[in-house]
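Work through the exercises below with the sequence and the model open. Try each task before reading its solution.

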Amino acid sequence: MKYLDEFRDSAKARILVTEIEALVATMDVPHGRPLHIMEVCGGHTHSIFRFGIEGMLPKQIELVHGPGCPVCVLPMGRVDDGVNIAERPEVIFATFGDAMRVPGSRKSLIQAKADGADVRMVYSPLDALAIARKNPAREVVFFGLGFETTMPSTALTILQAESEQVANFSVFCNHITIVPTIKAILDSPDLELDGFLGPGHVSMVIGTAPYEFIANFYRKPMVVAGFEPLDILQSIWMVLKQIKEGRTDVENQYARVVPDKGNAAALSAVSRVYELRQFFEWRGLGSIDHSGVKLRDEYKQFDAERKFSIPNIKIADPKSCQCGEVLKGMIKPWQCKVFGSACTPEMPLGALMVSSEGACAAYYQYGGIKQHVAAE
Amino acid sequence: MNIVPLIRSRPRGKVHVRTVTLSHGGGGKAMKDLIDDVFVDAFDNAALAPLEDQARFDLAEFAAYGDRLAFTTDSFVVDPLFFPGGDIGKLAICGTINDLAVGGAKPLYLSCAAIVEEGMTIDMLRQIAGSMARTAKTAGVEIVTGDTKVVQRGACDKLFLTTTGIGVIREGLVLGADLARPGDVVLVNGFLGDHGAAILCARGDMALETPIESDCAPLHSLIESVLAAAPGIRFLRDPTRGGVATVLNEIAEASQVAIEIDEAATPLREEVKAFCEILGLDPLYLANEGKIVVIVPPEQAPAALAAMRAHPLGALAAVIGRVHVGEPGRVIMSTVFGGRRIVDMLVGEQLPRIC
């Protein structure tokens with residue numbers, strides 16, 4: 001595949017790994033522990049496991065798999081609210097595929113579908129709008145999920161629905177925003193992180209400026225990274241280089257896709273349609289101020305929360321779940337008390353076991369090669 | 001074939017309406033007309049024609065081919081009924097032939113049970129029966145008994161087919177998932193994931209247009225020539241639902257060995273790679289309907305590979321991996337990028353990723 005295979009070249013990978021090894025060898029690794037670099041985005045976690053990148057890195061570097069899987073961090077109460085909407089007889093509930101398995105306290109959407117709810121898998125919010133046009137007698141609700149990556153497409157779909165006056169379409173908005181969450185992780189007293197790989201797709205929309213506080217205030221290096229394996233290795237090298245040189249900057253490795261200023265058209269649609277919520281609940285991390293968005297009053301006719309006056313259920317994370325500690329780099333997924341026992345991809349307890357982008361599910365499925373294969 | 005003759009001359013019925021209704025399942029003349037006009041007419045053979053409640057065989061015929069019977073059944077509920085590269089009828093014949101053939105059996109006779117949703121057009125049913133008949137004829141097997149039920153709208157999705165097959169295994173041939181040994185070689189006969197990708201595209205949900213066709217094909221002749229070239233073959237399996245990844249995990253588990261595959265050596269069509277890339281799917285878990293995974297001892301691997309490549313259904317055959325001592329039950333992939341990762345069983349169905 002052109003434009004992909006070039007970024008998966010194993011000869012170039014070997015060169016980069018040698019460079020990384022050489023760089024690490026000259027560094028005084030502080031704290032008497034490996035350097036912890038967090039990839040914020042679930043897309044990176046997926047690539048790291050899929051291409052076996054962890055096993056290629058020297059042992060002085062450990063990757064910490066961050067909170068950037070929007071499906072994983074969706075709290076149980078919001079899933080329950082979604083299931084409640086989906087179970088109304090007049091509703092067609094349209095959702096991205098991987099949200100269907102996220103467990104609620106009663107059931108997941110896939111179970112609700114088996115019990116008779118009309119739940120349909122779509123690939124874009126525009127598909128949901130098309131279903132609404134075709135079924136004027138039904139209420140079509142789109143399960144709006146994701147960070148700034150998917151936020152603009154939901155916003156543009158709402159604007160489209162408004163201009164076409166599609167009255168039977170609405171969005172159950174669970175869009176979240178990444179910056180307050182990185183800040184919450186950085187504010188945590190037991191933090192053990194030395195640098196960040198920034199989320200490439202989110203940055204394509206918001207640009208690189210919103211991360212300046214990480215470098216300036218928290219004094220941590222941040223490199224906005226692409227998703228192909230060479231992108232990831234190069235970005236790790238760039239983070240190490242900053243640590244080595246005592247710099248803390250926001251650098252952009254993914255310049256072929258991410259403009260420093262972001263995408264003005266997408267940002268304008270986002271600010272037209274949404275406003276920040278006071279706070280939003282994250283599975284594994286708890287409530288984080290200003291970390292979610294909701295529809296502005298001007299678009300309330302497209303807001304499923306208001307249309308169906310949903311109960312807004314709040315359900316605490318299970319006590320035994322240690323997702324928060326995994327997310328902050330304090331423990332590895334397999335060190336969690338319930339990893340692989342009470343918490344598996346079939347019956348996930350915590351956020352990180354839910355989708356294939358979650359760190360625990362990725363370890364469970366693809367296996368941490370260092371951990372599992374070391375024995376060979 | 002030595003089928004016990006039950007030939008009686010009997011006038012065949014004709015259907016004169018456009019769609020199937022519940023009256024075609026009522027057991028009366030309408031049902032007989034439907035069976036005659038659609039199925040008996042297409043399948044046309046001496047065993048089926050008298051429409052007894054069972055087909056009857058001469059045991060001596062089976063004994064001439066070998067010393068054990070192979071017996072299998074499979075249901076087909078594919079949506080859509082017609083897809084690039086095949087249809088539910090072709091799939092139902094190939095699927096059961098392949099389930100017999102991977103056991104080393106020579107497929108001989110099939111049954112066909114059809115559950116039809118009322119409202120289905122007779123024409124469409126005829127097309128599917130015709131496709132079954134052509135596939136069976138090309139493969140040299142006969143459909144010798146069957147059953148038809150019609151259910152109310154909504155009670156099934158257009159058409160469900162169940163085919164059951166009987167074949168004979170020749171004396172001395174032993175194949176098993178528990179027979180893989182360290183050093184053995186893993187072969188496949190061509191591009192992986194075509195069927196799964198073709199069906200997902202044909203559903204039209206994701207508005208992707210691709211030229212990908214299902215690989216649906218009967219594999220018994222390929223298997224016969226590979227077994228002749230490499231009689232020491234340990235195990236054969238057609239990687240249908242769950243794909244190659246699932247089959248390899250089953251072998252690793254049953255034989256208590258590790259299997260390591262090489263991503264770069266895995267034959268994948270560019271279109272399937274791109275399709276998986278866009279949707280976040282892994283082609284190793286996509287279904288195949290015309291592929292076999294072969295486990296063969298290293299000394300016979302070149303002969304097996306050559307025999308596969310000499311067959312029209314194996315031109316792109318390749319060695320994709322090896323069996324190791326390693327951690328028992330583990331399947332590992334060396335990635336194109338130079339890393340290694342574990343290839344585990346899927347938990348449920350593969351679902352496209354959000355971003």
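Residues are numbered from 1 along each chain as its sequence is written, and chains are lettered from A in the order in which they are written. The model is predicted: local features need pLDDT of at least 70, side-chain atom pairs count only at pLDDT 80 or more, and totals for chains, interfaces and linings use all residues.

**Exercise 1.** Find how many residues of chain A are in contact with chain B, and sort them by class.

Solution. Start with the term: two residues are in contact if their C-beta atoms, placed from the backbone, lie within 7 Å. By this rule, 42 residues of chain A touch 24 residues of chain B. Next, sort the chain A side: 21 residues are nonpolar, 13 polar and eight charged. Here Ala, Val, Leu, Ile, Met, Phe, Trp, Tyr, Cys and Pro count as nonpolar, Asp, Glu, Lys and Arg as charged, and the others, Gly among them, as polar.

**Exercise 2.** State which residues the cis peptide bond joins.

Solution. The bond links B:Asp79 and B:Pro80, with omega about 5°. Most peptide bonds are trans.

**Exercise 3.** Decide whether B:Asp44 and B:Gln256 are buried, partly exposed or exposed.

Solution. Count the other C-beta atoms, placed from the backbone, within 10 Å of the residue's own: 20 or more means buried, 12 or fewer exposed, and in between partly exposed. B:Asp44 has 13, so this residue is partly exposed. B:Gln256 has 12 and therefore counts as exposed. Then check phi: about 25° for B:Asp44 and near 55° for B:Gln256. Most residues other than glycine have a negative phi.
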